[in-house]
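Biologist: I am new to this structure and would like a guided tour. Could we look at it together?

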Amino acid sequence: MFDDGNRVRFTRPVDDAARQWWIDKFYQPFDLTPEGMADSLMKTAPEPKLAVYEFIDARSESFSLRVDGKLADQEFWYAHRSLDLRGAAFNAEGTFVSENAQGKGVGTALMGDLVDTCRIIKAEKITLHAERTGRYAWAKFGFVPDASSWAQMKRDALVALLSSESTLGRDRTNDFVRRINDGGPEAIRIIASIDDPVPSRQLPRRFEPEMVPFARAFFLEQTGDWYGSLNLRDDATMKLVDSYRQTKKDGDR
Amino acid sequence: MMDRLQAASVKYPPHDWGALAQNPTVEIGATGEAWALAVRDAWLRSGGTEESFELAFPAYAARRDLSHPR
């Protein structure tokens with residue numbers, strides 16, 4: 001179970017304590033071997049894929065792995081996942097999909113696999129660092145920023161809203177400002193829903209600025225990366241995730 | 001003039017749009033009723049009212065199920 005194979009490898013030998021910890025926590029209750037865990041975490045990704053465990057540590061009750069996969073036309077993806085069992089949290093440290101394969105739902109399908117695995121092993125939240133297009137996409141998946149990221153995002157949002165007052169209208173702008181100023185991190189969903197077209201500052205166009213939805217201009221051009229989490233114990237958040245995944249499944253049929 | 005402009009090599013600055021640059025309005029993530037409900041919930045939790053939500057997001061407020069009282 002803990003030896004290198006064709007689909008799973010271990011960067012460091014797994015010591016006796018780690019083996020016993022794995023058996024107690026994952027194999028006996030859930031029938032999950034390290035290979036089975038990797039399969040569960042990436043179950044929708046097509047073969048070939050290879051999981052490499054960076055460590056399995058009984059003392060800290062944690063493990064970390066990276067899975068690499070190939071897609072058609074020499075495209076590829078990889079994803080880091082680490083579990084802190086004491087904190088009951090999976091960390092989706094990094095998911096990368098090569099540029100030509102982006103926008104096809106690979107990253108969100110992998111996140112869906114992670115959500116399912118968390119449900120199996122009863123992890124309570126998923127944490128991540130939202131970067132690049134993920135700054136917008138993970139907000140639409142149900143993630144909310146941590147307190148520190150929200151404090152910065154809120155400041156950036158107020159500036160962006162006031163800069164777009166001529167487009168949004170004075171009354172709506174004032175309402176958005178109040179709600180975001182008074183709201184907690186879940187108010188990221190308010191920002192992510194403002195779709196009024198505003199000029200992009202970055203998209204390459206020759207003669208006139210590209211008009212893009214406010215929310216996307218904000219997350220991709222006007223605020224930075226953020227840290228956040230998906231609360232798997234929050235019913236509203238899980239309804240959001242389930243609904244999105246159902247829509248994707250219906251669309252794929 | 002236009003031909004020359006179009007033929008010229010133009011160096012654009014880098015951006016963070018990734019694949020979205022090709023289609024900046026493509027739908028991403030949750031949409032529909034569940035998303036509208038989550039946004040409405042965030043709005044009300046931040047102290048907003050049903051009326052102000054309807055003015056801010058008329059498209060969401062128009063959804064039938066959102067008109068029910070909490």
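This is a predicted model: local features need pLDDT of at least 70, side-chain atom pairs count only at pLDDT 80 or more; totals for chains, interfaces and linings use all residues.

Biologist: How many helices and strands does chain A have?
Modeller: The secondary structure of chain A consists of 10 helices and 10 strands. Along its principal axes, the C-alpha trace of chain A spans about 65 × 40 × 35 Å.

Biologist: What share of chain A counts as buried?
Modeller: Chain A has 253 residues, and 40% of them count as buried. Among contacts in chain A with a separation of 6 or more, 56% join residues 24 or more positions apart.

Biologist: Which domains are assigned in chain A?
Modeller: The assignment gives domain 1, covering 8-123, and domain 2, covering 147-222. Taken over C-alpha atoms, the centres of these two domains of chain A are 35 Å apart.

Biologist: Where does the largest nonpolar core lie?
Modeller: That core has 82 residues, and Leu114(A) and Ile191(A) have the most contacts inside it. Helix 2 of chain B, residues 32-45, gives the most to the core, with seven residues. Domain 1 and domain 2 of chain A both give residues to the core, so it lies between them. As a general point, nonpolar side chains in soluble globular proteins tend to be buried together.

Biologist: What does Leu114(A) touch?
Modeller: Leaving aside residues up to four places away in sequence, Leu114(A) touches Leu41(A), Arg81(A), Phe90(A), Ala92(A) and Ile126(A).

Biologist: Changing topic, how many residues of each chain are in contact across the interface?
Modeller: On chain A, 38 residues are in contact with 33 residues of chain B. Helix 4, helix 7, helix 8, strand 9, helix 9 and helix 10 of chain A each supply at least two residues of the side that touches chain B. The largest share of that side, six residues, comes from helix 10 of chain A.

Biologist: What about the classes of residue on that side?
Modeller: The side of chain A that touches chain B has 14 nonpolar, 10 polar and 14 charged residues.

Biologist: You mentioned helix 4 of chain A; is it mostly covered or mostly open?
Modeller: Helix 4 of chain A is mostly covered, as eight of its eight residues are buried. Among them are Arg135(A), Trp138(A), Lys140(A) and Phe141(A). Just after this helix, Gly142(A) takes a positive phi of about 115°.

Biologist: Why does Phe141(A) count as buried?
Modeller: Phe141(A) counts as buried because 25 other C-beta atoms lie within 10 Å, and the cut-off is 20 or more.

Biologist: And which residues does Phe141(A) touch?
Modeller: Not counting residues up to four places away in sequence, Phe141(A) touches Thr108(A), Met111(A), Val241(A) and Tyr244(A), and on the other chain Gly29(B) and Ala30(B). Phe141(A) and Leu230(A) are 89 residues apart in sequence, with 8.6 Å between their C-alpha atoms.

Biologist: Last topic: how do helix 5 and helix 7 of chain A run, roughly parallel or roughly antiparallel?
Modeller: Their axes come within 10 Å and cross at roughly 175°. Angles over 145 degrees count as roughly antiparallel, and the two helices of chain A are therefore roughly antiparallel to each other.

Biologist: Which residues make that contact?
Modeller: Helix 5 of chain A contributes Lys154(A), Ala157(A), Leu158(A), Leu161(A) and Leu162(A), while helix 7 of chain A contributes Thr173(A), Phe176(A), Val177(A), Ile180(A) and Asn181(A). By class, the residues of this contact are seven nonpolar, two polar and one charged.

Technical notes
Residues are numbered from 1 along each chain as its sequence is written. Chains are lettered from A and ligands numbered from 1 in the order in which they are written. Two residues are in contact if their C-beta atoms, placed from the backbone, lie within 7 Å. Helices (H or I, at least four residues) and strands (E, at least two) are DSSP runs, numbered from the N terminus. Ala, Val, Leu, Ile, Met, Phe, Trp, Tyr, Cys and Pro count as nonpolar, Asp, Glu, Lys and Arg as charged, and the others, Gly among them, as polar. A residue is buried if 20 or more other C-beta atoms lie within 10 Å of its own, exposed if 12 or fewer, and partly exposed in between; C-beta atoms are placed from the backbone. Domain bounds come from an automatic or database domain assignment. A nonpolar core is a set of buried Ala, Val, Leu, Ile, Met, Phe, Trp, Tyr and Cys residues joined through C-beta atoms within 7 Å. Axes are lines fitted to C-alpha atoms, for helices over the stretch in contact, and angles run from 0 to 180 degrees between N-to-C directions. Angles under 35 degrees count as roughly parallel, over 145 as roughly antiparallel, 65 to 115 as roughly perpendicular and the rest as oblique.
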